[in-house]
Amino acid sequence: MRHALLFSLLLAATPASADQLVSGVSQELIQITSNYTGSDIVVFGAVESEPGRDVSGPKDVVVVVRGPEADVTVRRRDRVAGIWINHDAAKLSGMPAYYYLASTRPLKAIAPAEALTHYNIGLQSLQPDSVHSHHDYEPFRQAALRHLTHDGLYTEVPGGVEFLSATLFRAHVPVPAGVTRGQYKVEVYLFRDGDVESAQSTPLFVDQTGLERRLYNFAHNQPLGYGLAVVAMAVIMGWISSLLFRRPA
Amino acid sequence: MEIYLPIAEMSVQWIVILSMGLGVGFLSGLFGVGGGFLLTPLLVFYGIPSGIAVATTLSHITASSISGAVAHWKRRAIDFKMAGVMMIGGLAGTGVGVWLFAIMRRAGQMDLVVSLTYVPMLGIIGAIMLNESVKTLRAWRSGHAPARIHPVNHVWIHGLPLKARFRQSRLYISVIPPLAIGFLVGVMSAIMGVGGGFILVPAMIYLLRMPTSVVIGTSLVQIIGVAIVTTLLQATNNYAVDIVLAAILVVGGVIGAQFGVRAGAKLRGEQIRLLLALLVLAVALRLLWGLLVTPADFYSIAGS
């Protein structure tokens, strides 16, 4: 995995005499265990300038962590016969299950909106691959962004990337409990003069491990055996308790 | 201390879940009810998805019902033939219920179904219990013995065909009413996550006119059968049973139930029943509130 960790992807748009971006993550595999309450990974890197090149212009680093693609169903409540029920729905396919963005400055100050949309950077530029809805889906997309932000699954942190020296930078990325399992992408972009000069992408895997993983697989691969195991557990515990706490008849 | 639920795919404070199991187990030991009707809404309030709550509560019911049924079985206070007939109805009911459950969940209406079925049910039960305990407390205070409720003589039940003899219950009645009662309770088990004892017991006493001595044991056997089959159906059809959640609830439930039985022997029943009535009404009002009040956010999301 180590060779895949660094230098895995450079965007095609990199100019010939650009600054070189080198980055890595502190952990390439996160395992969710029974006592997992969330953890942090550190994305770090360095910007190496070509010798003799003028580096006085402002440079910005944006770190984006994208979760695996998921379908998000957004439902809108409407009042029907006096009670509030889920009425209209929109299914947004291909939204990231997790999205964390850290940058040296607010995105607006780093690049114009068109550039951000082009590189798909920032919550507002997140678009579903396909939409299943009878309506204009924009209010549903906004609701999804709002809810996922509230749940801590979508986050934008301006100032979340700090430069430790002229060339070294670092960002903390939280991986909260309740994130989806699967392959994540850690993307690091170097911006100069409002455009991407260099970029890198590194995979990150989040997986259930140990007992949790086995139980999940058990439930989905052999549901009948799993159901029988749950029933057996309940029957045995109920029976044992009646023996342990035998009350006087 | 948090623990990760592999099927619900979320972390919970296990001490909170254990306390819910203990508390509901305590009440079920105290009052002789299964407690599913309180446990499911409690889990939903905590944030467990409705579907998982409904399907997993049945394990708690299985364990506490077995714990209770063993004692009745030793006293030979179970009419297995009656339980068997009701279970046939119950299995048909739970099959229909699990099918409805899958449709509702796909349509995103599981929360609505839980609220819509629980509000009238808890409202009615709470009101009846409140009324009875207030009456009894008043009767004690004024020095009169509380009035007894007399079972109504349902002549139409005796006109139905397919009669059978239930020796343990000393009854010769049609099998249609027990089948119908079992069916109804089976549907409720699947879509509401309840054992149905609070329906079964009065129905067996007032409708079937079974002797009170065999009613509890027989209803427990029927509840165990339906709860086990519903758990299996929910696991195979809807993947909605969380074994870690079930284990915590079961441990809390069986321990709580034993303390409840002991406390029940010492405490004044009427006053506690008044408190339970208020608790049941409070849960009903909380669910009703969610249906009637304009939501702060009209949109809600669900993952794939």
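User: How far does helix 4 (residues 138-150) of chain A reach from its first C-alpha to its last?
Analyst: Helix 4 of chain A has 13 residues, where a helix is a DSSP run of H or I with at least four residues, a strand is a run of E with at least two, and both are numbered from the N terminus. The expected span is 1.5 Å times one less than the number of residues, and helix 4 of chain A comes close to the 18 Å expected. Its own reach is 18 Å.

User: Before we go on, what kind of model is this?
Analyst: Residues are numbered from 1 along each chain as its sequence is written, while chains are lettered from A and ligands numbered from 1 in the order in which they are written. Local features need pLDDT of at least 70, side-chain atom pairs count only at pLDDT 80 or more, and totals for chains, interfaces and linings use all residues, since this is a predicted model.

User: Why do the buried residues of helix 4 of chain A lie on the same side?
Analyst: The buried residues are Phe140(A), Arg141(A), Ala143(A), Ala144(A) and Leu148(A); buried means 20 or more other C-beta atoms within 10 Å of the residue's own, exposed means 12 or fewer, partly exposed is in between, and C-beta atoms are placed from the backbone. They share a side of helix 4 of chain A because, taking the directions from the helix axis to the C-beta atoms, they cover an arc of only 160°.

User: Which residues are exposed on the other side of helix 4 of chain A?
Analyst: Just after helix 4 of chain A comes Gly152(A), with a positive phi of about 80°. On the helix's other side, the exposed residues are Glu138(A) and His150(A).

User: Which residue of strand 13 (residues 195-208) of chain A is the bridge partner of Leu29(A)?
Analyst: Two strands pair if DSSP finds at least two bridges between them. Strand 2 (residues 29-32) of chain A runs parallel to strand 13 of chain A, with four bridges joining them. The partner of Leu29(A) is Phe205(A).

User: In the hairpin of strand 12 and strand 13 of chain A, which residue takes a positive phi?
Analyst: Strand 12 (residues 182-192) of chain A pairs with strand 13 of chain A in the antiparallel sense, over 11 bridges. Along this pairing, Tyr184(A) stands opposite Leu204(A). The hairpin has two residues between the strands, and the one with a positive phi near 55° is Asp193(A).

User: Which residues of chain B does Leu215(A) contact?
Analyst: Leu215(A) sits in helix 5 (residues 210-221) of chain A and is buried, with 20 other C-beta atoms within 10 Å. Two residues are in contact if their C-beta atoms, placed from the backbone, lie within 7 Å. Leaving aside neighbours within four places in sequence, the contacts of Leu215(A) are Pro6(B) and Ile243(B).

User: Which element of chain A gives the most residues to the side that touches chain B?
Analyst: In total, 49 residues of chain A are in contact with 44 residues of chain B. The elements giving two or more residues include strand 5 (69-80) and strand 6 (83-96) of chain A. With 16 residues, the top contributor is helix 6 of chain A.

User: Which residues touch the most other members of the largest nonpolar core?
Analyst: A nonpolar core is a set of buried Ala, Val, Leu, Ile, Met, Phe, Trp, Tyr and Cys residues joined through C-beta atoms within 7 Å. The largest one has 106 residues, and those touching the most other members are Ala246(B) and Val250(B).
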